[in-house]
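Have a go at each one before reading the solution.

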Amino acid sequence: FYNGVPTLFRHQLAKISFFVHLEKAEAGKWTKIKKVYLENIYAQADYEDGNWTGWEDKKDEWIIYESTEGLELTDEPKQIGGDMYMIPQNLAYAVGRGMPKIVIEYDNEGATGISKSFSFTDDISSYFWAKGTTTRYSISYGTSDQPIDFEADVNDWEGYGNNDVNIGQM
């Protein structure tokens with residue numbers, strides 16, 4: 001430990017993560033996530049004098065997870081894609097970018113033994129990735145009211161309380 005000049009660090013990126021699970025596992029049935037990706041997300045911006053500006057390099061397909069075999073879901077949440085550090089951005093519709101969305105491709109097999117492939121798309125424009133926050137997206141398959149339930153929980157970056165990291169002695 002170096003006892004030098006104290007430094008206050010505030011993270012300027014947003015952290016996002018994705019978790020998937022079954023609402024209720026049933027014998028003889030399975031669901032496999034094949035691909036999860038975001039559409040219309042900015043991948044580049046400028047950071048100057050404490051502000052983000054000049055968002056550009058729109059990604060039509062920002063892949064979170066992809067596997068030809070697929071990830072078989074259980075009732076235990078599993079993280080896919082690891083933690084991602086993203087440029088803070090308002091996910092509302094923007095001219096030239098379009099509407100940000102999440103796309104989930106999956107296979108499932110029911111009691112009939114026939115496997116089918118499906119694709120689910122949801123609008124994520126009501127979310128905002130603020131600097132110094134972490135957003136955990138939960139994808140639940142087989143929810144009682146619809147085939148897939150998608151929701152987010154936003155908090156300060158865990159372990160850093162109020163986004164501050166003190167380095168050195170204060």
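The exercises below use this predicted model.

**Exercise 1.** Work out how the rings of Phe18 and Tyr137 are arranged, and where the two residues sit.

Solution. Start with the count: there are five aromatic pairs here. For Phe18 and Tyr137, the ring centres are 4.9 Å apart, within the 6.5 Å cut-off for a pair. The planes meet at 15°, and under 30 degrees counts as stacked, so this pair is stacked. Next, place the residues: Phe18 belongs to strand β2 (residues 14-22) and Tyr137 to strand β12 (residues 133-141), so the pair links parts of the chain 119 residues apart. Now check burial: Phe18 has a relative accessible area of 0%, so it's buried, and Tyr137, at 1%, is buried too.

**Exercise 2.** Which residues do ring pairs link into a cluster?

Solution. Go back to Phe18 and Tyr137: together with Tyr127, they form a cluster linked by ring pairs.

**Exercise 3.** Which residues form the negative surface patch, and is Asp46 buried or partly exposed?

Solution. The patch consists of Asp46, Glu48, Asp49 and Glu56. Asp46 is in strand β4 (residues 41-48). Its relative accessibility is 42%, so Asp46 counts as partly exposed.

Definitions and conventions. Residues numbered from 1 in each chain as written. Predicted model: local features only at pLDDT ≥ 70, side-chain atom pairs only at ≥ 80, totals over all residues. Heavy atoms only, no water. Patch = residues over 30% accessible without salt bridge, like charges linked within 9 Å, V, L, I, M, F, W, Y side chains within 5 Å. Areas by Shrake-Rupley, 256 points an atom, 1.4 Å probe, with all protein chains shown as cover. Salt bridge = Lys/Arg side-chain N within 4 Å of Asp/Glu carboxyl O. Lys, Arg positive; Asp, Glu negative; His and termini not counted. Charge placed at Lys NZ, Arg CZ, Asp CG, Glu CD. Helix = DSSP H or I, 4+ residues; strand = E, 2+ residues; numbered from the N terminus. Buried < 20%, exposed > 50% of the residue type's maximum accessible area, 1.4 Å probe, protein only. Phe/Tyr/Trp six-rings, centres within 6.5 Å; stacked < 30°, edge-to-face > 60°.
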